[in-house]
Amino acid sequence: MTISLNYEQFECDQSEAPWVVLIHGLFGNLDNLAVLRRALQNDFNVLAIDLPDHGESPWVETFTQAGCVNALYELLAQQSISKCHLIGHSLGGKVAMKMALHHPGIISSLIVLDIAPTSYQPSHQGVFAGLKKVDLSSISSRKEADNVMQTEIKIAGVRQFLLKSLYQDTQGHWQWRFNVAGLEKDYVNISSFETSQDQQFAGPVTFIKGGESDYITREHQSTIAQLFPAAKAKIVEGVGHWLHAEKPQVVNKLVLRALQQ
C-alpha cells in the first residue's frame, strides 16, 4: 500500500517552468527548506513534501527509504509531474539519491545537501533520549520541554529545531509531529544506504557539503563516482551539517547555479 504524502505546491507564473522537489531531513518537515523554496519560486514550480513519519504525512508501520521513494513516485504521477529536479538535505538527500537511482528517467538533476550515499554509524541516540524524556501528558509549554531535553541534547539550536515539531492538538494535548517510537525502531533503515551493483544515475548531480561537517569525506568519493558519474562537489566554508540554515544565501546561490546548468 502506498503512503499518501502531505505536500505543498507552489507554482510560478512562468508557463512551462520546470519542477523542483524539496525533501527535508530527519525530524524535519516541509517548512525546513522554506528559505530555499522562496529563492526558487520565481523561476521554478516547487513541490515540498513531508516524509512519512514526519510533519503531516502519515505514520507508517515500518519506515524505509524505499517506501519514501514509492510514495514520492506516486505523488509525482498524481500531480502529472513527468520530470523534475530533486533537492534533499540529509535523510532527504538519501531519499533523493534513491529516487534518482530507481527512476532516472523522470529526474532532470539531483542536488544533495551534506549527505553521502553510504551507511552511517548511529549518531542520534542522544536526540531520541531527549525526546523520550519529555512527558507529553504533563508539560505545559515548549519552554518546559526544552528544559527537560537539555540534559540529553546540549546544543540549543538542535533543541529549537526539534521543538518546531511540538504542537497542541485540538484537545490541547501536546504531541510530536514526527513518530519518535517508529523512527527509533527503524533507525537502521534511516542510517543505512543500500544499492545494487548496476544502479547508476548519469544525469547532473551536485553535492553541497558543509565545510565543518564530516557527513561527506574523501572515503565517499569512489562510491559517489560509481553511482553518480557526472557528480560535482561544492563546499560552503564555515558551516556544519545545517548549511542551508547557517548560510542560506550562499546555499541558495549554489543551488540556483546548479539548476540553471
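1. Two strands count as paired if DSSP finds at least two bridges between them. Strands are DSSP runs of E with at least two residues, helices runs of H or I with at least four, both numbered from the N terminus. On that basis, F207 has A233 as its bridge partner in β9.

2. Ground rules. This is a predicted model, in which local features need pLDDT of at least 70 and side-chain atom pairs count only at pLDDT 80 or more, while totals for chains, interfaces and linings use all residues. Residues are numbered from 1 along each chain as its sequence is written, and side-chain values use heavy atoms, with hydrogens and water left out.

3. Buried means under 20% relative accessible area, exposed over 50%, and partly exposed in between (1.4 Å probe, protein chains only). In a regular strand, side chains alternate between the two faces of the sheet. Both faces of β8 are covered: V205, F207 and K209 are buried on one side, T206, I208 and G210 on the other.

4. Neighbours of β8. Strand β5 (residues 107-113) runs parallel to β8, joined by 4 bridges. I111 has T206 as its bridge partner in β8. Strand β9 (residues 231-236) also pairs with β8 in the parallel sense, over 6 bridges.

5. β8, helix α9 (residues 221-227) and β9 form a right-handed β-α-β unit. Right-handed means that, with the strands pointing away from the viewer, the path from the first strand over the helix to the second runs clockwise.

6. The largest nonpolar core has 63 residues; F27, L86 and L110 have the most contacts inside it. Such a core is a set of buried Ala, Val, Leu, Ile, Met, Phe, Trp, Tyr and Cys residues joined through side-chain atoms within 4.5 Å. Helix α3 (residues 91-102) gives the largest share, 7 residues. Another core, of 21 residues, lies apart from it and includes L22, I87, I208 and A258.

7. Aromatics. The whole structure holds 7 aromatic pairs. Rings of Phe, Tyr and Trp (its six-membered ring) pair if their centres lie within 6.5 Å; planes under 30 degrees apart are stacked, over 60 edge-to-face, the rest tilted. Y120 and Y215 make a tilted pair, at 5.4 Å centre to centre and 45° between the planes. Y120 lies in the loop between β5 and α4 (125-133) and Y215 in the loop between β8 and α9, so the pair ties together parts 95 residues apart in sequence.
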